[in-house]
Amino acid sequence: MTSDRILEIQSVSKYYSRGGQQITAVENVSLEVERMMFTLIRGPSGSGKTTLLLAAGGLMHPDRGKVLLRDQDIYALSPNRRSAFRGRHIGFVFQQFYLVPYLTVLDNVKIPAMAVKIDSLEERSVALLERFGLSERLTHFPSELSTGERQRVALARALITQPAVLLADEPTGNLDMDNEQIIVECLREYARNGGAVLMATHGLRTDGFDHVITLDGGRLQEA
Ligand code: ADP
Ligand code: MG
């Protein structure tokens with residue numbers, strides 16, 4: 001029997017140093033994420049949400065603790081193998097989108113294919129963009145899009161590899177309520193269809209999530 005547990009964050013701590021002082025960004029946080037679960041990490045600005053997501057996604061080696069993805073300890077891998085593993089299994093959406101300005105919408109969505117083999121890349125990219133209401137925008141450049149449209153392109157790019165785990169850091173931070181609704185609904189649907197989604201926000205809304213955790217000063221608050 002295969003477990004539905006996909007991602008395990010085990011006693012993760014991360015400290016930064018600034019001006020000779022140590023800053024506790026994340027302190028002893030553990031979290032299990034299962035398939036089909038839509039998890040919210042909430043907490044005020046500076047509470048450690050981004051640091052935790054970066055650690056969870058294999059982008060930042062924690063000072064203590066482990067991150068297991070499909071039972072693989074991701075920081076036990078060499079940097080090259082870790083980045084290949086990440087490309088295959090993890091998708092990221094950031095608040096700042098990070099679209100490539102000189103590539104079209106369609107080519108931005110195809111970027112992950114440089115690192116990972118993706119079947120039917122063209123068809124799937126177009127289909128995803130259609131689903132996000134962007135079929136008229138395929139050959140546009142990011143600068144020609146609204147903020148909400150850009151965020152949907154970033155989401156399509158994160159989903160093109162069908163990652164087991166999707167990490168979304170304040171994905172609605174720059175959006176109006178209609179666009180926020182669209183993005184959250186897409187993330188929820190991705191979880192319902194078998195993915196695991198971890199979303200961070202400093203907002204207060206917690207309805208519609210399967211699991212809500214709260215960070216404060218880098219520590220997990222008991223609900
Ligand atoms: P959040 O995403 O909840 O706003 P962060 O994970 O970005 O929280 O930050 C947690 C804490 O770590 C904050 O006190 C922040 O100032 C500090 N921090 C984040 N990144 C760095 C860095 N690169 N260098 C020094 N301190 C940092
Ligand atoms: Mg943050």
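The model is predicted: local features require pLDDT of at least 70, side-chain atom pairs count only at pLDDT 80 or more, and totals for chains, interfaces and linings use all residues. Residues are numbered from 1 along each chain as its sequence is written, chains are lettered from A and ligands numbered from 1 in the order in which they are written, and side-chain values use heavy atoms, with hydrogens and water left out.

**Stop 1: the ligand**

Select ligand 1 together with Tyr16, Arg18, Ile23, Ala25, Pro44, Ser45, Gly46, Ser47, Gly48, Lys49, Thr50 and Thr51, the residues around it. A residue is included if one of its heavy atoms lies within 4 Å of the ligand. By class, this shell holds 4 nonpolar, 6 polar and 2 charged residues. Here Ala, Val, Leu, Ile, Met, Phe, Trp, Tyr, Cys and Pro count as nonpolar, Asp, Glu, Lys and Arg as charged, and the others, Gly among them, as polar.

Next, display the polar contacts, which are pairs of N or O atoms within 3.5 Å; within protein, one atom must be able to donate a hydrogen and the other to accept it, and residues adjacent in sequence count only if both atoms are side-chain atoms. A polar side-chain atom of Lys49 is 2.7 Å from an oxygen atom of ligand 1. For Thr50, a polar side-chain atom lies 2.8 Å from a ligand oxygen atom, and for Gly48 a polar backbone atom lies 3.0 Å from one. The protein covers 68% of the 570 Å² of accessible area that ligand 1 has on its own, as given by the Shrake-Rupley method with a 1.4 Å probe; for residues, only the protein chains shown count as cover.

Now colour by secondary structure. Helices (H or I, at least four residues) and strands (E, at least two) are DSSP runs, numbered from the N terminus. β1 (5-18), β2 (21-34) and α1 (49-56) each supply at least two residues of the ligand shell. Of these, α1 gives the most, with 3 residues.

**Stop 2: the sheet of 4 strands**

Select β2-β1-β4-β5, which is the order of an open sheet with antiparallel pairing; two strands pair if DSSP finds at least two bridges between them. β2 and β5 (72-73) stand at the edges with a single partner strand each, so one side of each lacks a neighbour in the sheet. Antiparallel pairing of β1 and β4 runs over 5 bridges, and Ser13 stands opposite Arg64 in β4.

Move to β4 (residues 64-69), which is joined to β5 by 2 bridges. The bridge partner of Leu68 is Asp73 in β5. These two strands form a hairpin with 2 residues between them, and Arg70 in the turn has a positive phi of about 50 degrees.

**Stop 3**

Then select β9 (residues 211-216) and β10, which run antiparallel and are joined by 3 bridges. Thr214 stands opposite Gln221, and Leu215 has Leu220 as its bridge partner. Gly217, in the turn of this hairpin, has a positive phi of about 55 degrees.

**Stop 4: helices across the sheets**

Return to α1. Contact here means heavy atoms within 4.5 Å, while axes are lines fitted to C-alpha atoms, for helices over the stretch in contact, and angles run from 0 to 180 degrees between N-to-C directions. α1 lies across β1, β2 and β4, at about 125 degrees to β1.
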